[in-house]
Amino acid sequence: MRRYLLFVLIVTVLAGHVLAQNETSGDVDAFRQALEQDGFTVQEGEVGSFDFIKLYEAGVLPSAYGNNPATKYLIYFVPPAPGRAVDERIAQIARALGMSGNASSFWNLGPDEAVVFVGKTPPECRYFSYDHYLIGRTYDGEGRWIFANIADPLNNLVINTDGSQGDPYNQTTMIVSTADRGIDERIRTAARSAGYPDGMMNTQVFPASMLNLGVENDSDTFAVYIRPALFADQQAGDEYINDTPATVFRVTPKNATEPDPYPYPEIRVRGTGETEFDLTDDLNDLRDAILERYGNLSATELPTARGVPIGSDAIQRGVDAVGPTNDAVYLWSANQTADVPTPPFFDTTQYYDFLRQPPITLGNDTDEFIIVYGVNHVATGKATYTNFAVYGADIWNGVGSITDADFTGTAEEYLPDNPNAKYLYVYKIARNCEGEQNCFAVPSGEGGYGIEPDQPLFIAWRLYLENATQTGPSYSEVVYDRAIKFVPGGSG
């Protein structure tokens, strides 16, 4: 009898486990049917890769717009509102990326509509996020490229999934992007009826108070990007990028609804009060050691400044934000911040002269190179991952990046007796790195995948996601990274 009861108990537990799995998996077809039964028009889109350099090479975009070489971006392709058509220029973007062109990477959103992501999060990686952007806006009849993040993203530290707590990777999630509280609740009710639990649902608010919602020609255009960075298993990551296991729906009510807009969402606060500034003397000692090692060469120290504004600032002033996220700090080797109004799909060669005046170039001379150095912000705990990338200053094409995974031990040879050297890094940028460690060879060649020896370039740094705050580090708490150009004699 005791064995029989034990058998029944085991079967019951296993059955409950299977039921729980079925409950968390949900049924996407049942979800769609439930939405339609509730009076929504449901149009299916898709998730696909968004390659800025590929679009530049195809002649669709005039610039690479500061692509992050360490990240292969994904984007929602969303069908147009019922009765509307995809703008031809936007359709060209989709077709150049191998998509159908019947859904758009940049889209309008009505105040009572929603875009819903249902599918798997990226496999294990150092960072991922789902971030919503204002791409374009009309200001007093003038269309402008804004590319500004709207609020905080959903990142791997905060997203709700059907997985166990603390494991956000390769788990099913649902993200409802909408301005309206009532629409959100109706969608969630439909999802629950299809077997999706509340615990894996997320709302990404498009705040009506700061956006021009609607589907008319002068309404704001939006995008949602997915940023997965530094996969633990690169093959699994590539498979996710190439065939993302997810569905995107545009959900539109057939009948008018009573507006119930969400307020602007609460923003996660940057900063812990702890800084990196106690490492300033050590960093200056590292600078001196670098200059001493290459004392036979002429040195030019490059400036470092904040690269881009935050999204809310850019939206209010109508300037180009260059696609930031609240999860990061952005620095670059210039003395100004990107801060001008630009027309839609603007040509970067017509703007931001300070990145090219005076020009920083990197010739083929083996004695001409750039040393990039600074604080390893991951080692100090101020970031989850960091990288620096090399860009052509004309079309803002990132041709390669070095991440903090390559920083370990690089400063010790310059400061062998300094115990704080483990918190610093040094890396070389050159045309030829043959036989050298801790060196990145900048590719030449015309187009978006190389930087010619006479083409100006710049360095950009990204510092992502402080664990303690679940958002980007505070600019006021980090020591800015630096770079020095060395040439044989003359001026750098």
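A: Thr178 is buried, with a relative accessible area of 0%; buried denotes under 20% relative accessible area, exposed over 50%, and partly exposed the range in between, with a 1.4 Å probe and protein chains only. The model is predicted, so local features need pLDDT of at least 70 and side-chain atom pairs count only at pLDDT 80 or more, whereas totals for chains, interfaces and linings use all residues. Residues are numbered from 1 along each chain as its sequence is written, and side-chain values use heavy atoms, with hydrogens and water left out.

Thr178 belongs to strand 8 (residues 172–178). Strands (E, at least two residues) and helices (H or I, at least four) are DSSP runs numbered from the N terminus. A polar atom of the Thr178 side chain lies 2.8 Å from the backbone oxygen of Glu113. Such a polar contact is a pair of N or O atoms within 3.5 Å; within protein, one must be able to donate a hydrogen and the other to accept it, and residues adjacent in sequence count only if both atoms are side-chain atoms. Not counting residues up to four places away in sequence, Thr178 touches Glu113, Ala114, Ile183, Asp184, Gln204, Val205, Phe206 and Tyr262, contact being heavy atoms within 4.5 Å.

Strand 8 pairs with strand 4 in the antiparallel sense over seven bridges; two strands pair if DSSP finds at least two bridges between them. In this pairing Gly119 stands opposite Thr173 of strand 8. Strand 4 is also joined to strand 11 (residues 246–253) by six bridges, again antiparallel, and here Gly119 faces Ala246. Because six of the seven residues of strand 4 (residues 114–120) are buried, the strand is largely enclosed by the rest of the structure.

Elsewhere, five strands form an open sheet in the order 13-14-20-16-17, with antiparallel pairing. Its edge strands, strand 13 (305–306) and strand 17 (397–403), each pair on one side only. Strand 14 (residues 328–332) and strand 20 (residues 457–464) are joined by five bridges and run antiparallel, and Val329 stands opposite Leu463.

The largest nonpolar core has 73 residues, and those with the most contacts inside it are Phe50, Ile93, Phe106, Tyr225 and Phe388. Strand 20 gives the most to this core, with seven residues. A nonpolar core is a set of buried Ala, Val, Leu, Ile, Met, Phe, Trp, Tyr and Cys residues joined through side-chain atoms within 4.5 Å.

Aromatic pairs number 46, where rings of Phe, Tyr and Trp (its six-membered ring) pair if their centres lie within 6.5 Å; planes under 30 degrees apart are stacked, over 60 edge-to-face, and the rest tilted. Trp332 and Phe354 form an edge-to-face pair, 5.9 Å centre to centre with 70° between the planes. This pair links distant parts of the chain, 22 residues apart: Trp332 lies in strand 14, and Phe354 in the loop between strand 14 and strand 15 (369–375). Both Trp332 and Phe354 are buried.
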